[in-house]
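Hi there,

Here is the structure I promised to hand over. Have a look at it first, and then read on for what I found.

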Amino acid sequence: MKIKNIIYLLFIAILGSSCEDVIDVDVDQGPEKLIVDAFVNNLPDKQVIRITKSIPYFAKPGSEPGVEGATVAIVDTTGGNTKLFLFADSGKGNYIFHPDASTGDTFTVGHNHILLVVQGGDTLVSLATMNKTALIDSLQIKYEDGSTIGFKKGNYVELRAKDLPGYGNTYWVKTFVNDTFKNGIFDINLAYDMTQTPNNQDGGEFIWPIKYGAINNFQEPKPTGTKIRVEIHSISVETFYYINQIFSENQNGGLFATPPINIGTNIFNFNSKKKRAVGGFFSISDVSRKVVVIP
Amino acid sequence: MRIVLFLLATLFMGSAFSQQKYSISGYVRDTNSGESIHSAVIYNVEANVQSTTNNYGFYSLGLMSGLQSIKVSAAGMQSKEFQILLLSDTAIDFFMSPTEKTIGIATVRGKKSENVKNIDISTQTITSQTIKQIPAFLGEADVIKSVQLLPGVSSVGEGASGFNVRGGGIDQNLVLMDEAPVFNSAHLFGFFSIFNPDAVKDVQLVKGGIPANYGGRLSSTLDVRMKDGNNKKYEANGGIGTIFSRATIEGPIVKNKASFLLAGRRSYIDVLAKPFLNSDLKGSQFYFYDFTGKVNYRRKRDNFYISTYIGDDAFSAQNAFGVKWGNTTATARWNHVFNKKLFSNFTYFYSRYRYNIEFNSKDADFNWQSYIVNNSAKADFNWYASSKHEILFGAQSTYYTFKPGKAVVNNNNGTTDFSLPDKFGLENAVYIAEEFNPSGKFSYRLGLRVSNFMYLGKGNAYYYKPAVETGDRRFIDYVKYYNQNEVIANYTNLEPRFGFKYQMGQQSSVKGGYNRMVQNLHLISNTAASVPFDVWQPSTNNILPEKADQYTLGYFKNWGKGDDFESSFEVYYKDLKNQVDYVDGANLLLNEYLEGDLLTGKGRAFGAEWYIRKVTGKLTGWISYTLSKSERLVNGINDNRWYPNRFDRKHNLYIIANYKLNEKFSFSGNFVVSSGTPTTFYAGQYNIQGYTVPDAGSNARNNVRNPIYHRLDLSVTYTVKKRKRWESNWVLSCYNVYNRRNPFSIYFATNYQNTGNNAAIRYSVIGSFIPALSYNFKWN
């Protein structure tokens, strides 16, 4: 919420006397949740599903304990020809599937996939369809001469790609700099058709913030030799909203904070008896990608 | 002082002594300024009956013929006694002098024993003098800040707009300025209120047992009465402070008949700050101003008043963006005395609250406006049926126009309009109340208000499907278009009111009250602190009228020979219905389907209030302690369990003292201790694709308490020796003397400043002590 931030700045500007301190707070942790982080795709790369437990809010992020000993599989049920993709327990909560290099057998566009996780008496199930993704025409190098306020002189990358025809196509555009995924919260780059929200603008080139704004940091031009890879992952509309919620909750806080929201999940616990609370998401993507090296 | 008046208005002397019944009526006024005095008591010793002046200073009292003793008393005024030889119905205006005539630091003498003897429960009046005595933030006497020191009143903290009364939200207070409601009483996010203390006569807060002539808000009525203007001689008041300056001029247009008042304030923090603003803020403007103008004209049976208020806060930077918000009101009133027993007042008012936000950049500009306007006409009658019975009745009609948001973006791609359509509402109310004030021990007030609210076209009405799961967003089912003035939703409510007093000797009484209140305007806000950009919504086919039932009981006792101490103990219980809350991730601004994001719940609030006030002597002041709880229950929030309201504070202790050393120096202090307000924290976290996902767990609400709040403020006033018509004083004040960092809020920060850790941040709006010097003057 932009307005909120402006008000906040205004407030600080007016009152030189205000101050912020980090303090200790006791919060009762809610029920521990079993978390399934299952974002997979049809690239010929190693596919990882992580199973962890939630931790208290003030614990060190990233220290979530991995859950071992689970059976994890994705089943493609479309067309009566059931295919099973087993994910092997490789410890610390990581479950790995390598697409068969010889056959190239992996997930199929347009097919429904079922995620199955069996652990500690719980059976977790989720369903996702792999949508087709938008193709990347090219990655263009653009030179900014520094005359525009907020843009440092140098080279940047622009994505040339068109949204697929038809309403309700959603994508997650990922940028890798020298093979490292830009994973900052403000690097999250989602598209709903051509734009960032559902507003019936369809089939054209992605708008400026998607194709250019979120791919670059205009204070850091790309030096010569930098390898930039951009991937467009098709996601479901549910996944689009899920990532959006993570984005907005990561920014919530401050004087004009709104009450925390309960971020949902598309994973269900089929244990009929005592159910463990579950969280996380199952998403399966078709991916297009292109690489460019800054000259 | 004893004055003997012989009123030989009739020749039928003989009949006078056969004990016939007559009445005296008229106004009570200030000798110096001619200002009317409300709530003054005209007491007849022989018959032990009394009348209290109404808001316009009018009274009527039935008496037996013959020689009668009359005592007149009022807050801040010297009591007077008169002997009247009453031989017919007679009009008498009483003139009273203030107890002391110094500006700012007068020792305020309360109405003797009035708090024990009148029927009003949960009611407090603060005079302009008292407001000026209280040490204030940056030395600026402030109406709302003073009200926040009364029992049962609290606020979320420094920088929070508005105030909370007995566990009610800030939008549940009817704040009236010369009878016109104002929708945002704050300048600068609540650091100052919009009322110029030099133009204020007094303020009255009614928290319980609310009489039938008030309606429309659940929790309280704050009636801010502005001065009419001195009709005897010219007078100027003003002050030069750290943050703003103010000036008031008043005087007669026609002596004793017509007068005017002009009052204005403007902050100059932007002017002073200019040299210190760095590149980002260069060219910034931030200021507020307000202006009050009034004229009035008196005839024998009629008084006419016209008043207006205009105020704005504005902030802008480098033409890149600008925000502005403020109230405008205009009131026209006509008092007419039909006869000795029937007084009437007719009012028309216009009130508007609006805000405007603008962004401008090379490629695009954005303009957003929102407002609420109401036009209202009302008539109020006081019928003095007998010396024991007074009947009040009247009617009011208000037409509302809501502009929830007009938002337009212009950019290279053309113009995009996000505007929401206007909404309309009509509120009508009639009321009747009876006050029975016998000479015996028991008196009562009985009233009924019938209110009706119609949500009107033209425009679309939205009808929603039930939520998939309780607490979820509801999606649109169908939309229906309504023509202009077509009724979309219609609500009629009965609002019974009741109050009683049982007198126990001269110095103590027990009082009780019940009121039902209905509210058809809702402030839509789900942020920790309310912001000026929150939007008011009418009751609609989806938003039901909020309702509250309040029961209150109190014991009132005065102490000392001259009623030197006043004290009270009150308990209350409040039951609230149709309280508005929000679904997770609700989108409240510029959302056409806002109503689908609203939830409805119930609330309850209860508490006890102790209050003791010393009204005489060199040392004056009060101690107020409130023990309270305010919570709500909304299906879909907090696992469907009760949770405390954002403004809930269990303990509130206020100590206010003023010590007048001599004619030159006086000292004031106030000390405030309050339990922390609650706030909501995440219960846990997990990681998805490398991103931290904060987890609200079982949807807990307000699960963490802010630390305790306490603060001491001190001030010293030096009164300069009066020279001819010039009086002045200097006030040196210090806010937050011992440098406490009181939390306005503690809040969560996921990945705080990119440290990779989540943190709890204590935000203190005032992080240090704040000294200030101001100079006040009066010329008369």
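This is a predicted model: local features need pLDDT of at least 70, side-chain atom pairs count only at pLDDT 80 or more; totals for chains, interfaces and linings use all residues.

Let me begin with one pair of residues: A:Asp21 stands opposite B:Arg762, which belongs to S51(B).

Moving out to the whole contact between the chains, 55 residues come from chain A and 60 residues from chain B. On the chain B side, four strands each supply at least two residues: S45 (684-688), S46 (691-695), S50 (745-749) and S51 (759-764). Which of them gives the largest share of the side of chain B that touches chain A? That is S51(B), with six residues.

Next, the domains. Chain B is divided into domain 1, covering 2-96, and domain 2, covering 225-779. Their C-alpha centres lie 38 Å apart. The two domains do touch: the contact takes 17 residues from domain 1 of chain B and 19 residues from domain 2 of chain B. On the domain 1 side, the elements that give two or more residues are strand S2 (21-30) and strand S5 (58-64) of chain B. S5(B) gives the most to that side, with four residues. By class, the side of domain 1 that touches domain 2 has ten polar, five nonpolar and two charged residues.

Five strands form an open sheet with mixed pairing, in the order S10-S17-S18-S13-S14. Why is one side of S10 and of S14 left without a neighbour in the sheet? Strand S10 (123-127) and strand S14 (180-181) of chain B stand at the edges and each has a single partner strand, so one side of each stays without a neighbour there. Within this sheet, strand S17 (residues 200-206) and strand S18 (residues 220-226) of chain B run antiparallel and are joined by six bridges. Here B:Asp202 stands opposite B:Arg225 in S18(B).

Best wishes

How values were computed: Residues are numbered from 1 along each chain as its sequence is written. Chains are lettered from A and ligands numbered from 1 in the order in which they are written. Two residues are in contact if their C-beta atoms, placed from the backbone, lie within 7 Å. Two strands pair if DSSP finds at least two bridges between them. Domain bounds come from an automatic or database domain assignment. Ala, Val, Leu, Ile, Met, Phe, Trp, Tyr, Cys and Pro count as nonpolar, Asp, Glu, Lys and Arg as charged, and the others, Gly among them, as polar.
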